[in-house]
Amino acid sequence: MVEIDAALVRTLVAAQFPQWAHLPVTAVTRQGWDNRTFRIGDDLLVRLPSAEGYASAIAKEDHCLPILARHLPLPAPEPVATGAPR
């Protein structure tokens, strides 16, 4: 199993989203069970599934979050890009 750490995130971002490769990557202090979360710069987050079984939820979130965001009274995060496993 590959360790999900800031170095891996930097490598994936640089390969798939070079426009953000210059931004610092830092792990979020409190991690969830399904995903590992890292800040990219001040305005972006990257979430990587912690195990293969959680990967299918990414497509659901990418589809549902923008729809839900239009109906919520508060701002909700919306995906700006979706990467692929390497």
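The model is predicted. Its largest pocket has a volume of about 1300 Å³, and strand β3 gives the most residues to the lining of that pocket. The structure holds 1 salt bridge, formed by the side chains of Arg-47 and Glu-61.

**Largest pocket**

- The volume of the largest pocket is about 1300 Å³. Its lining consists of 38 residues, and those closest to the centre are Val-46, Arg-47, Leu-48, Pro-49 and Ile-58.
- Two or more lining residues come from each of α1 (6-16), β2, β3 (44-49) and α2 (56-69).
- Strand β3 contributes 6 residues to the lining, the most of any element.
- By residue class, the lining of the largest pocket has 25 nonpolar, 9 charged and 4 polar residues.

**Helix α1**

- Ala-6, Val-9, Leu-12, Val-13 and Gln-16 are the buried residues of α1. They lie on the same side of the helix, because they cover an arc of only 125° around its axis.
- Thr-11 and Ala-15, on the other side of α1, are exposed.
- The partners against which the buried residues of α1 pack are β1 (25-27), β2 and β3.

**Salt bridge**

- Arg-47 and Glu-61 meet through their side chains in a salt bridge, with an N to O distance of 2.6 Å. Arg-47 belongs to strand β3 and Glu-61 to helix α2, so the pair ties together parts that are 14 residues apart in sequence.
- Arg-47 has a relative accessible area of 36% and is therefore partly exposed.
- Glu-61 is likewise partly exposed, with a relative accessible area of 25%.
- Arg-47 is also one of the residues closest to the centre of the largest pocket.

**Asn-35**

- Asn-35 is found in strand β2, which spans residues 35-40.
- With a relative accessible area of 10%, Asn-35 falls under the 20% cut-off and so counts as buried.
- Apart from neighbours within four places in sequence, the residues in contact with Asn-35 are Arg-47, Leu-48, Pro-49, Ser-50 and Ile-58.
- Among these contacts of Asn-35 are Arg-47, Leu-48, Pro-49 and Ile-58, which are also listed with the residues closest to the centre of the largest pocket.

Technical notes
Residues numbered from 1 in each chain as written. Predicted model: local features only at pLDDT ≥ 70, side-chain atom pairs only at ≥ 80, totals over all residues. Heavy atoms only, no water. Helix = DSSP H or I, 4+ residues; strand = E, 2+ residues; numbered from the N terminus. Buried < 20%, exposed > 50% of the residue type's maximum accessible area, 1.4 Å probe, protein only. Contact = heavy atoms within 4.5 Å. 1 Å grid on protein atoms, 1.4 Å probe; cavity = no way out; pocket = protein on both sides within 12 Å on 5 of 7 lines; lining within 4 Å. Points joined across faces, edges and corners; volume = space filled by probe spheres on them. Nonpolar A, V, L, I, M, F, W, Y, C, P; charged D, E, K, R; others polar. Arc of directions from axis to C-beta. Salt bridge = Lys/Arg side-chain N within 4 Å of Asp/Glu carboxyl O.
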